Amino acid sequence: MNYYLGIDCGGTFVKAALFDKTGELHGIFRENVAVISGQAGYAERDMQQLWQVCAEVVRQTIAKSGVNPTAIKGVGISAQGKGAFLLDKQNKPLGRAILSSDQRSLEIVKRWQAEGVPEKLYPLTRQTLWTGHPVSILKWLQENEPERYANIGSVLMSHDYLRFCLTGKLHCEETNISESNLYNMATGEYDQQLADLLGLQTILEKLPLVIKPNEVAGYVTAEAAELTGLAAGTPVVGGLFDVVSTARCAGLDDETKLNVVLGTWSVVSGITDYLDPNQLLPFVYGRYVDEGKFIVHEASPTSSGNLEWFVKQWKLDYTEINQQVASLAPAASSVLFVPFLYGSNAGLGMQAGFYGLQAHHSQAHLLQAIYEGVLFSLMYHLNRMKQRFPNATVLRVTGGPTKSAAWMQMLADLTGMRLEIPNVEEAGCLGAALMAMQATNNDCSQIKALGAEMLSVEPNAENFVAYEQKYQRYQCLTESLKAML
């Protein structure tokens with residue numbers, strides 16, 4: 001039996017899972033990796049610590065599986081996008097990685113917006129501009145840490161860095177780097193025009209060659225083998241942007257289905273085979289796994305990370321949380337929560353908070369408001385995406401909140417759409433492993449989980465009106481809060 005390892009580097013955890021050629025799970029392990037926030041707006045990660053945690057997670061996964069490492073025929077990595085993982089000219093970490101949830105470049109993004117830079121970039125990049133983009137971070141470094149900027153040897157994203165640690169080879173993976181604002185979506189190449197527009201004229205020479213998700217990028221080195229327990233010489237493929245990985249595992253195959261991801265980020269994705277020249281909204285496009293196809297998505301860091309924060313403060317149990325929320329009448333409370341602890345999709349610089357509290361409200365009402373607030377924020381993206389995908393009738397939902405029946409029913413009732421929850425335990429890991437399978441010509445049609453029946457959640461029409469009314473109150477609140485910026 002041959003096996004394939006998928007690594008998933010997310011905003012909170014690094015996970016690894018080992019699959020056979022049918023997609024059956026043989027071992028899994030995960031470990032938390034700290035996000036360092038030394039001052040307001042900063043979100044960083046120690047790069048050496050990240051690699052050490054990743055290596056240990058892989059080692060534990062192999063050990064738990066009992067599989068001989070020589071039977072592992074390929075490794076893929078799925079990871080969060082954007083941010084900047086920088087190496088110096090000796091290929092050593094150049095300070096801490098700056099994550100996509102970092103907001104230090106806020107004033108630069110505001111300046112670019114005032115100068116009309118996003119409108120000049122978009123026809124070439126099909127990207128918006130915000131604080132977590134590599135170019136925003138690079139510009140901040142250029143202006144605020146010029147010595148560090150001058151010492152940049154390579155600009156990578158998180159899975160590019162981990163792949164380098166495994167293989168010693170430098171590449172930028174296509175589904176992720178295509179959303180860097182330095183990549184021309186039509187030509188499929190880096191574009192000097194973009195670097196010039198951003199005042200980053202020499203940065204392209206710091207970008208390694210682009211590699212496909214299912215293309216072998218290198219082989220596990222002897223040093224990495226000793227740390228991870230993998231066999232030296234094991235192929236490592238390009239891997240995937242995690243949004244692409246979840247869309248692949250959600251089975252998006254036409255424009256009638258959208259994928260909703262509820263994790264650290266709220267994401268709504270769709271798959272298309274063309275760049276729409278007539279669209280009125282600046283939808284974000286990226287390269288997809290399948291040749292000639294693009295992923296279209298809307299996203300913001302306004303999802304279940306807000307609940308994670310609340311849980312940590314009061315050390316709550318998820319089963320108890322769901323019971324508390326389910327015990328309350330749908331959308332009946334006056335409490336509203338704006339889920340902007342890590343960023344906002346309602347305005348640059350907006351922050352999180354509760355509104356509408358009264359003396360009779362309990363912890364359960366706060367938790368219900370967090371559940372609702374995350375979904376109300378998601379609706380901003382979903383409503384926009386439905387303009388690009390007007391024939392979408394089904395939401396394929398992935399991420400941790402799918403384990404909450406109360407949360408999923410709330411989403412179905414709010415949207416009025418049928419939910420389908422794929423029977424995939426670890427979409428990020430499986431998507432990455434699929435790329436390793438493809439690189440070794442394994443027939444991915446044998447993957448049982450991808451063909452399994454999905455859990456379906458139907459909307460309750462009686463609750464739709466109540467949620468719609470509360471959603472309108474949420475919109476009024478976020479509009480009012482903008483006046484405080």
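Reader: How much area is buried between domain 1 and domain 2?

Author: This is a predicted model, in which local features need pLDDT of at least 70 and side-chain atom pairs count only at pLDDT 80 or more, while totals for chains, interfaces and linings use all residues. Residues are numbered from 1 along each chain as its sequence is written, and side-chain values use heavy atoms, with hydrogens and water left out. The domain assignment, automatic or from a database, gives domain 1 (3-238) and domain 2 (251-484). Carbon and sulfur atoms give 61% of the area buried between them, which is the accessible area (1.4 Å probe) that two parts lose on being put together, summed over both, and the value is about 3300 Å².

Reader: Which residue forms a salt bridge with K15?

Author: A salt bridge here is a side-chain nitrogen of Lys or Arg within 4 Å of a carboxyl oxygen of Asp or Glu, and the rule finds two across the interface of domain 1 and domain 2. For K15, the closest N and O atoms are 3.1 Å apart, and the partner is E426.
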